[in-house]
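This note is intended for a colleague meeting the structure for the first time. Please read the points below alongside the model.

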Amino acid sequence: MSVSTLSTSSQNYLKAIWGLSEWSDEPVTPTRVAERVGVKLSTASDAVRKLTEQGLLEHAPYGAVSLTAEGHTFAVAMVRRHRLIETFLVEMLGYRWDQVHDEAEALEHAVSDFMVDRIDERLGRPERDPHGDPIPAADGTVTRPDAVLLSSAPAGGRVRVERISDDDPGLLQYFAEHGVAYGTVLATDAGAPYSDVLNVAVEGGSPFPLGRAATDAVWVTPAS
């Protein structure tokens, strides 16, 4: 059964729940779901209850929320749609990477499975979206890089940017202005003591400081 058979609301909740656990081990609670979707806790709790009754979620009272096998399949299908649309907008239509998230949020509910597959084919079956997030394959397989937050990476080395959160368009613009993107290699150096700042430099460029809000939005792997 296609994810298109679900309501827009159900699609949003399943995608949000999957996304909350993609890069975090923190339990997914109705409160976090409400924050992610942008609704009141009571609204999110009601949606979780309905999706649980439909067999798409598992949720014990006062416990964490998790996807059932069927719910996971639908969630990954929505993530695939979203990330392929973002990639299409950047590579084919010239959007900036800070412009595509909201556009993809609207378009992902309107496209057919056939169109998603054609976009995938036209793009050459990309494995990552403009922000570095892995694009699920048609069979639902997701290959996530073994990356860590830049905040927790040892300073004084070289790292490769694997993923940048798209939650803050302003931060994406800041990174773009400094040449930081998925695949960029950065040299890192500790900032002043107690400043919670990391100095980074794109190869060949001058160092610039990043505060904790920025380093918490970047995932990296060691660069050879």
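1. The model is predicted: local features need pLDDT of at least 70, side-chain atom pairs count only at pLDDT 80 or more, and totals for chains, interfaces and linings use all residues. Residues are numbered from 1 along each chain as its sequence is written, and side-chain values use heavy atoms, with hydrogens and water left out.

2. The chain contains eight helices and eight strands (DSSP runs numbered from the N terminus: H or I of at least four residues for helices, E of at least two for strands). Its C-alpha trace spans about 55 × 45 × 30 Å along the principal axes.

3. Helix 1 (residues 8–22) and helix 2 (residues 30–37) have axes that come within 10 Å and cross at roughly 115 degrees (axes are lines fitted to C-alpha atoms, for helices over the stretch in contact, and angles run from 0 to 180 degrees between N-to-C directions). Helix 1 and helix 2 are therefore roughly perpendicular (65 to 115 degrees; under 35 is roughly parallel, over 145 roughly antiparallel, the rest oblique). Their crossing is right-handed (the near helix is turned clockwise from the far one by less than a right angle; anticlockwise is left-handed). Y13, A16, I17, G19 and L20 of helix 1 meet R32, V33, R36 and V37 of helix 2 (heavy atoms within 4.5 Å). These residues comprise six nonpolar, one polar and two charged (Ala, Val, Leu, Ile, Met, Phe, Trp, Tyr, Cys and Pro are nonpolar, Asp, Glu, Lys and Arg charged, and the others, Gly among them, polar).

4. Helix 2 also approaches helix 3 (residues 41–53): their axes come within 8 Å and cross at roughly 110 degrees. This makes helix 2 roughly perpendicular to helix 3. P30, T31, V33 and A34 of helix 2 contact L41, A44 and S45 of helix 3, a set with five nonpolar, two polar and no charged residues.

5. Helix 4 (residues 69–93) and helix 6 (residues 113–122) pack at about 45 degrees, with axes 10 Å apart. Helix 4 is therefore oblique to helix 6, and their crossing is left-handed. The contact has five nonpolar, no polar and six charged residues.
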